[in-house]
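Student: I have a new structure to read. Could you walk me through its features?

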Amino acid sequence: MAPRPRSDVREEAILLATMAVLSEIGYDRLTVEAVAARANASKATVYRRWSHKAPLVTAAVSRYAGTALATTEPTGDLRTDLLAHLRALRESLVAQDAALVLGLLSAMRHDPELADTVRRAVFEHKREAFAALLPESADHEWLAELTSAALLSRQLVTGDPLDDHFLAKLVDTVLLPQLQEKP
């Protein structure tokens, strides 16, 4: 296996440093200087690749924030499959740094390019996972949005437990009723 070019290694170090600094101090306080220092790179090296912090953060989020969910084979029982999917979403959310998530959500309100990148990198895979479980006629985007809102609210706002009881209640009182055929 051939070693990676030095520029690829340098870029990876910068993008990982960006995610670390973003997690520690948030988007608003993040500076290119802080990222360069964390990556042991010169500011010029960073600025050669990214003209300012928005495209730098966009590149880092595109590369590292869109982690795929653990998937399971459908069992044929929709409730069981939805619960398994929600457990995977819960594990993914719990593994993320709350400060990073809040910082990105706040920054997305003011930076349309960043917002678009985060939506594609982070939320698109949730929609795709729902599409794999649900009938074609289901509104995958709506169900992914409902689920994400409920989980994020529990994790970041209310602090109430994201336990199996909550997931079952979400499936039984929100998701399954949404999937029932309307007359």
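Tutor: We will take the features in turn, from the overall layout to single contacts.

Tutor: This is a predicted model, where local features need pLDDT of at least 70, side-chain atom pairs count only at pLDDT 80 or more, and totals for chains, interfaces and linings use all residues. Residues are numbered from 1 along each chain as its sequence is written, and side-chain values use heavy atoms, with hydrogens and water left out.

Student: How many helices and strands does the chain have?

Tutor: Helices (H or I, at least four residues) and strands (E, at least two) are DSSP runs, numbered from the N terminus. Here the chain has nine helices and zero strands. In sequence order the pattern reads α-α-α-α-α-α-α-α-α. The C-alpha trace spans about 60 × 40 × 30 Å along its principal axes.

Student: What share of the residues counts as buried?

Tutor: Buried means under 20% relative accessible area, exposed over 50%, and partly exposed in between (1.4 Å probe, protein chains only). Of the 183 residues in this chain, 42% are buried.

Student: And how do I read contacts along the chain?

Tutor: A contact means heavy atoms within 4.5 Å. Take the contacts with a separation of 6 or more: residues 24 or more positions apart account for 66% of them.

Student: Which residues touch the most other members of the largest nonpolar core?

Tutor: In soluble globular proteins, nonpolar side chains tend to be buried together. A nonpolar core is a set of buried Ala, Val, Leu, Ile, Met, Phe, Trp, Tyr and Cys residues joined through side-chain atoms within 4.5 Å. The largest one here has 30 residues, and I14, L56, V57, L104 and V118 touch the most other members. Two or more residues come from each of α1, α2 (32-38), α4 (53-64), α6 (98-108) and α7 (112-133). Helix α1 gives the most, with seven residues. A second, separate core has 24 residues, among them L133, L151, F166 and L167.

Student: What does V57 contact?

Tutor: Set aside its neighbours within four places in sequence. V57 is then in contact with T18, L22, Y27, L30, L104 and L114.

Student: Is T18 buried or exposed?

Tutor: T18 is buried, because its relative accessible area is 0%. It lies in helix α1 (residues 6-29). Not counting residues up to four places away in sequence, T18 touches L30, V35, L56, V57 and A60.

Student: What does the side chain of T18 reach?

Tutor: Think of a polar contact: a pair of N or O atoms within 3.5 Å. Within protein, one atom must be able to donate a hydrogen and the other to accept it, and residues adjacent in sequence count only if both atoms are side-chain atoms. The side chain of T18 reaches the backbone oxygen of I14 at 2.8 Å. T31 sits in the loop between α1 and α2. It is partly exposed, at 31% relative accessibility.

Student: How many salt bridges are there?

Tutor: A salt bridge is a side-chain nitrogen of Lys or Arg within 4 Å of a carboxyl oxygen of Asp or Glu. The whole structure holds six. In one of them, D172 pairs with R79, with the closest N and O atoms 2.7 Å apart. D172 lies in helix α9 (residues 164-179) and R79 in helix α5 (residues 78-95), so the pair ties together parts that are 93 residues apart in sequence.

Student: Which residues are joined into one network?

Tutor: Start with R90, which is buried at 12% relative accessibility. R90 meets E91 in a salt bridge (3.2 Å, N to O). R90 also meets D164 (2.9 Å, N to O). Through shared partners, salt bridges join R87, R90, E91 and D164 into one network.

Student: Which residue lies over the face of Y27?

Tutor: A charge sits over a ring if NZ of Lys or CZ of Arg is within 6 Å of the ring centre and within 35 degrees of the ring normal. Here K53 lies over the face of Y27, at 4.5 Å from the ring centre.

Student: Where is N40?

Tutor: N40 is in the loop between α2 and α3 (43-49). Its phi is near 55 degrees, a positive value in a residue other than glycine. N40 is exposed, at 66% relative accessibility.
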